[in-house]
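This briefing concerns the structure shown below.

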Amino acid sequence: MTVKIILALVYLAVVFYLGYKGWRETRQASDYMLAGRQMNPYVMAMSYGATFISTSAIIGFGGAAALFGFPLLWLTFLNIFVGIFIAMVFFGKRTRRMGVALDSHTFPELLGQRYQSRFIQGFTGAVVFLFIPVYAAAVLIGISRMLEVSLGINYYVVLLGFVAILAIYVITGGLKAVMYTDAFQGSLMLVMMVILIIFTYSTLGGVTEAHQALTDLAPQMPANLKAGGMLGWTQGAKPFTPLWLVIYTTIIYGVGIGVLAQPQLAVRYMTVASDRQLNRAVLFGGIFIVLMTGVAFVVGALSNVVFFRELGKISVAVAGGNIDKIIPLYVTKVMPDWFEILFLLAMLAAAMSTLSSQFHVGGTSLGRDFYEKGLASGGRGELRMSRLGVGITILVTLVWGLLLPPSIIALATAFFFGLCAASFLPAYFLGLYWKGMTRLGAVVSIVGGFATSFFFLLFVHTKESAAIGLCKATFGVDSLAQSAAQGSGWWLLQFTDPNIIALPVSLILAVVVSLASPKMDQKHLQLCWRNL
Amino acid sequence: MLGIASPELALAYVLCIAASVLCIIYGIVKWNDSGPLTEELRDLDQWAPEGEGK
């Protein structure tokens, strides 16, 4: 225990030093919001990756891989190909150049200025500020529970202490402090995951041998999962069964595509000085992500073989049905003692890097986008307003952290990713590539995508609608799709991610309304495209 | 393939590694390709026709 606490203190000392370095280098609003647009490519890539990958990606989704097996590798593929390659090469470069042309400091500001609309900036800022604390609270709850168990410290003390530490360096140091600490935290995560995968494959006798053992374990797949459509961990699920829909629409499509319109990630494209940093970040990011989600999902699935050999039970049975416990249990029961400490610090790092960016983007959305621009309250004291915004975001997150149940982690992550994709992705992507995209098209797409996604979350997709309870209170059922004939397309909608519907709706609205509405001023378009 | 029963999931495994390799190769090939610097893009402002700059 003493060693754990000493190492945790050393870790925190490094984080504080980097936070202090960020604070010392922060003198004006562009430093605070965009790290002075001069960020190093390694720091940029690691910060992007560490923000992208939270504890929920490793523990929550790693646990899901123990349940569903290798189909989750499609998510890793999308994380790398879409989340890194497409994101940096096709979104990142244009975002940076257009961001400079329009002097945008935040993601909502980029959208607002591209479409010359204070409403778009204010609405986007409000959506980010209102919903990111829920996502942040889920990450906060996860890591606080973990530290409570591991260090034996009271949950509420951990929760408050954790928020206080983050508040100090995010409020004072802005994006520079966030990105410096992210890079350190990402590096720590990287080392931990490399050890984890090498240890697991060597324990099981090699790559092919490990996979073959998992293939041979298929008869042990629990009956309820078989009834839902699962065939085995390396066999996948029967197409269009309820579990196939959950895996492929919510987990793979929802999170895999949703990454493109994440405000806390998109803002990082604007922090670098040239395309060179983005090109190099593709290299670092490609290595980082495969070692994060790729390792978490492979180890999660293979934990079944290790547990079955050692304890005669598959992972979900060892964890007593709670899949969030599978990866921590695997580390505790299977890995060497010294690794447990490293794992704990890496999870601390994963949570802190994601939370710091969530607080930062929530704060700048409230301070700069919603308050200053959306409400047209002027630009004086913009640095102070953003700092105040970060402080308010942290307080709201803390309140959510005290209210939300612990099992909410993966749900809240998918919720925020989905909401952002449906609301912002078409307006963002078409705004970068299509001069014919109009202000009205963007407004209707953003509001329409948001409303559709929200309707499905509240009334159709059972996972959320049952948890929220509004559908039950209004119509007496957990989902409106439950009343349809079992097995029909309408009935299957309750298992289908809202984005399968909401994203195409948002895209169609963007294109159709833009074609039918007045074009944007030619001079403004020239300005937007000036650097492209 | 690779001890994975479903060819589709074996493909997913291979594509994860292939996508990483693609990122590495892209990063190496474009290592020094900087495009215009942010500073240069900003400097365009002073040459922009009236009403076009910020």
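Leaving aside its neighbours within four places in sequence, Met189(A) is in contact with Ala50(A), Met292(A), Ala346(A), Ala349(A) and Ala350(A), where contact means that the C-beta atoms of two residues, placed from the backbone, lie within 7 Å. The model is predicted: local features need pLDDT of at least 70, side-chain atom pairs count only at pLDDT 80 or more, and totals for chains, interfaces and linings use all residues. Residues are numbered from 1 along each chain as its sequence is written, while chains are lettered from A and ligands numbered from 1 in the order in which they are written.

**Nonpolar core**

- Met189(A) is also among the residues with the most contacts inside the largest nonpolar core, together with Leu72(A), Leu73(A) and Met292(A).
- This core has 203 residues; a nonpolar core is a set of buried Ala, Val, Leu, Ile, Met, Phe, Trp, Tyr and Cys residues joined through C-beta atoms within 7 Å.
- A residue is buried if 20 or more other C-beta atoms lie within 10 Å of its own, exposed if 12 or fewer, and partly exposed in between, with C-beta atoms placed from the backbone.
- Helix H13 (residues 275-311) of chain A gives the most to this core, namely 21 residues; helices (H or I, at least four residues) and strands (E, at least two) are DSSP runs, numbered from the N terminus.

**Helix H13 of chain A**

- From first C-alpha to last, the 37 residues of H13(A) reach 52 Å, close to the 54 Å expected at 1.5 Å a residue; the expected span is 1.5 Å times one less than the number of residues.
- A bend of about 30° occurs in H13(A) at Leu302(A), the bend being the angle between axes fitted to the seven residues ending there and the seven starting there.
- H13(A) is mostly covered, with 32 of its 37 residues buried.
- Gly312(A), with a positive phi near 75°, follows H13(A).

**Helix H23 of chain A**

- The 19 residues of H23(A) (residues 498-516) should span 27 Å at 1.5 Å a residue, and the end C-alpha atoms are 27 Å apart, in agreement.
- Buried residues of H23(A) include Pro498(A), Leu503(A), Leu509(A) and Ser514(A).
- Seen down the helix axis, the buried residues of H23(A) fall within an arc of 125°, so they line one face of the helix; the arc is that of the directions from the helix axis to the C-beta atoms.
- Leu515(A) and Ala516(A), on the other side of H23(A), are exposed.

**Ser144 of chain A**

- Ser144(A) lies in helix H7 (residues 118-151) of chain A and is buried, with 24 other C-beta atoms within 10 Å.
- Beyond four places in sequence, Ser144(A) is in contact with Tyr155(A), Val158(A), Leu159(A) and Phe162(A).

- Phe240(A), not a glycine, has a positive phi of about 65° and lies in the loop between strand E2 (236-237) and helix H11 (242-258) of chain A.
- Leu2(B), in the segment before H1 of chain B, has a positive phi near 55°.

**Chain B and its contact with chain A**

- Chain B contains two helices and zero strands, and 24% of its 54 residues count as buried.
- In all, 34 residues of chain B are in contact with 44 residues of chain A.
- H1(B) supplies the largest share of the side of chain B that touches chain A, 14 residues.
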